[in-house]
Amino acid sequence: MYVVACIKQVPDTTQVQIDPVTNTLVRDGIPFIVNPYDTHALEESLRMKARYGFKAAALSMGPPNTEATLRKALALGVDEAILCSDRAFGGADTLSTSNVLAAAIRKLAQEDEVGIVFCGKQTIDGDTAQVGPGIAIRLGFSQLTLVDRIEHLDFLTKKIRVRRKLEGRYEIVEAKLPAMITVVRELNRPRYPTVPMRLKAAKAEVKVWDNKELQLDPNSVGLKGSPTWVSRIFSPQRAAGEIIGDGMGDPAGTARLLLEKLVASDMLAV
Amino acid sequence: MQPDPMIFTPLLAAAAVIFAWSCYRRFSLVGVGASEDRCSSLPERLQGMFLFAFLQKRVVSRPFGINHLFIFWSFLILAIANTEFLVGGVFPAARLVRILPAALYQPLVLVFDIVSLCALTAVVIALVRRAVAPPYQGARTGEAFGILSMIGTLMLAYFGLHAAEIALGAEEAAQAMPVSLALSSLLAGQGPETLNSVAQVSWWLHAGVLLFFLNYLPYSKHMHILAAIPNCFFKGLETPNTQPREEFVEGNVYGAGSIDRFTWKDLFDSFSCTECGRCEKSCPAASTGKPLNPRLVMHDIKVNLLANGNLLQRGGEPTVPVIGDAEGSIKPDALWSCTSCGACLAACPVFIEQMPKITKMRRHLVQMEADFPEELLNLFENMEQRSNPWGIAPGERGKWAGGREVQQFEAGKTEYLYFVGCAGSFDSRSKQVTLAMTKIMEAAGVSYGILGKEEKCCGDSLRRLGNEFLFDKMARENVAQFQEKGVTKVVTQCPHCFTTLKNDYRQYGLELEVIPHAEFIESLLAQGKLKLDHHAKKGGNIVFHDSCYLGRHNGVYEAPRAVIAQATGTAPSEMERNRENSFCCGAGGGRMWMEEHLGERINLNRVSEALEGNPGTICTTCPYCMTMMEDGLKDRSNGGTKVKDIAELVAEGLA
């Protein structure tokens, strides 16, 4: 049985700036990282592998350089790394992305049953949180979002019980396998690759599946399959900050000033 | 008085054979370690051995060292007497008294007699010291007292024998043996039979203890009698914290996860340790209640070698892991407690290298097991992704300059590369030091440039933490950049950057002239390029705190002191532990990025010491020290005392 972790290569957003003229992200020289939430999805799939003997696969869609991200997953211990990459997949929104990823999971399921698909709850570049649920719907999998704990997995009855972390409360949910689970950071602490695994991963195979392999309708993928259009990206203008008092010379006085200001502007009540 | 050679000869032969066999068995165990060249630079090695083994330069530098020097030299001199004694037991005709002319024999026995008294006195002092004020808790072992008693007994038996022989009138050179002669007067009036018995008993006691002692050595911590002299010969000639690179190719293993992953010299170190406890006393971790004790690290390595060595020699697998909770294993918590300050290395009289072994074991944990304190995960990711420990965007580097124009380094146009470092670039307090440095360099008209956004972390913390793989990657990038830009002279303000650029990068074929800011400022002052106004300085009494990486690891002790003296008109005051005996701030070896859950906080221990002299300012030369001292001061809620970097002191005093 497969456990699949869907991971995305994203620009390190702490370093991203928006070009004020073209309204696009300035990506020159910005390093790519694995979407932080996805590292927890990956970790959970590896724990499942260790605990239940699943085969772990990491799956991503992106340009050819996404291979680096998948090699990182290989270094952490996944058995297979699959990259869906095709010019036709370019410019995809969340709908057409989930079409491609669902097709890839379907193809993987021809080799062996897919039990669980893990996704991060959202990516830090798009922040939509739609791809995971999109995959679940297209595959007819149970959909468990915002999971912070796997409570129980029963192979006989093929059921999984998880805890969802919602605003102000938790929810314990039981669902049938196969299931698609989106995870939050509290679920686990991602591991670190050992050096022998890194070196092995550098030479391991990353399978690349293009649309010849996935056989999707060209109108359902990439830009053509994307009903979402980005018309403009911009940074919201913020009012300029203000330095209060002399923090180095008179920390106590400055703290008092700050407190008065916060109370006066109704941000704190005393 | 001579025993029957027919009885003694087989005894001596058996003792000699067993001793040789024991030595072979023990010392051959170091062969399970990896190879390492420790024979280059012969003259330097011989000089080191002479100075440190025979003259005991380090031994005598601490309390009771002189006492040890006496015992050591008594041993060497009495080795002649003892050889004569043993040979005489086999060949009575070969006794020196029969061979040597009186003019030679008499001074020789005079020396033996006096030296034996010295040895006896030194042993008594050592016994009393161990009983009354032992060097460390747990030093009152049966083994320690047993060995001292044996040496004492040898001396007493020596005197017993000679006193009886003098009383019997059988010693021709009685007048040349003042101690034995004086003792013989105690035996005056005894009949020849009694005297003969005293002589007999003394002889056999001497012989018995000597042969037992010989055969006990290889099985005790007193093996250092055999190993310490060669250990001084084999001592590391490199900066001890510049450890060998690792080669990252598939199939290799990294670090030391089992005893055979250490080098033969690492293992030989464990035989050279006599558990004097000086490393433990100097160690900031051990002195603040952490699970690390460098003495016990060496002890555990020895226990591990004894447990696994024979098995490994026969081609088997080790059964006791070198890292773990078992006896003969070192606990991970102990390994992560090390600040890599090098105090143990500086304290060890026989140049045992405790700290590098800790790094080797960390390398195993990080690279083979990916097992390390959880705080380090963030650090490693930040370093790999953003080339700084805080994970701040690399584009923010260089923003310390504010609106000021700072020249980018360009070979030919700028003389020095000012390597600001991560702390100087990102840490708000250290940024003030960076600005002070630029103020000084501008005042002195120094031609310098920075790398700005292109500057990367030097990788120091990674290397000390055992993440050699990442360090290797970052070192290669930095070395390539320096070479490409034609950098030859570098000024640093962080001793960690300094040591890494200077010593570690040399392993990558990069020879840079790296100047720590203390030395750089000192040279600017010497050239008269800085005008200082002493009266502007109002720091009060300034106490200086040595950075381990500037001081112990690179020997820079006097430059910062000279700079303070010139900048303020007064020499800084000293803490009790200073220069090579200085006490770490607690942040080295990657400890800067870890929580300190165990024991007393190291920085509090040091700050308390600094505050003893009621200073107005604690002067540091390292961003880590600065952070630790400032944090410590906050905890001691001392409002008056400030921490300042040496560059800030100088910048404030600029006329």
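Predicted model: local features only at pLDDT ≥ 70, side-chain atom pairs only at ≥ 80, totals over all residues.
Q: Which residues of chain B does the UniProt "transmembrane region" annotation cover?
A: The unreviewed UniProt entry puts it on 6-24, 66-88, 108-132 and 144-161 of chain B. UniProt positions follow the numbering used here, feature names are shortened, and annotations may be inferred rather than shown by experiment.

Q: What's the mean pLDDT of chain B?
A: 94, with 99% of chain B's residues at 70 or more; pLDDT is the predictor's per-residue confidence, from 0 to 100.

Q: Back to 6-24 of chain B, helix or strand?
A: That span is 100% helix and 0% strand, with its end C-alpha atoms 28 Å apart. Helices (H or I, at least four residues) and strands (E, at least two) are DSSP runs, numbered from the N terminus.

Q: New topic: what's the strand order in the open sheet of chain B?
A: E2-E1-E3-E4, four strands with parallel pairing; two strands pair if DSSP finds at least two bridges between them. The edge strands are E2 (448-449) and E4 (513-516) of chain B.

Q: How many bridges join E1 to E3 in chain B?
A: Three, between residues 416-419 and 489-492. Tyr418(B) sits opposite Val491(B) there.

Terms used:
Residues numbered from 1 in each chain as written. Chains lettered and ligands numbered in written order.
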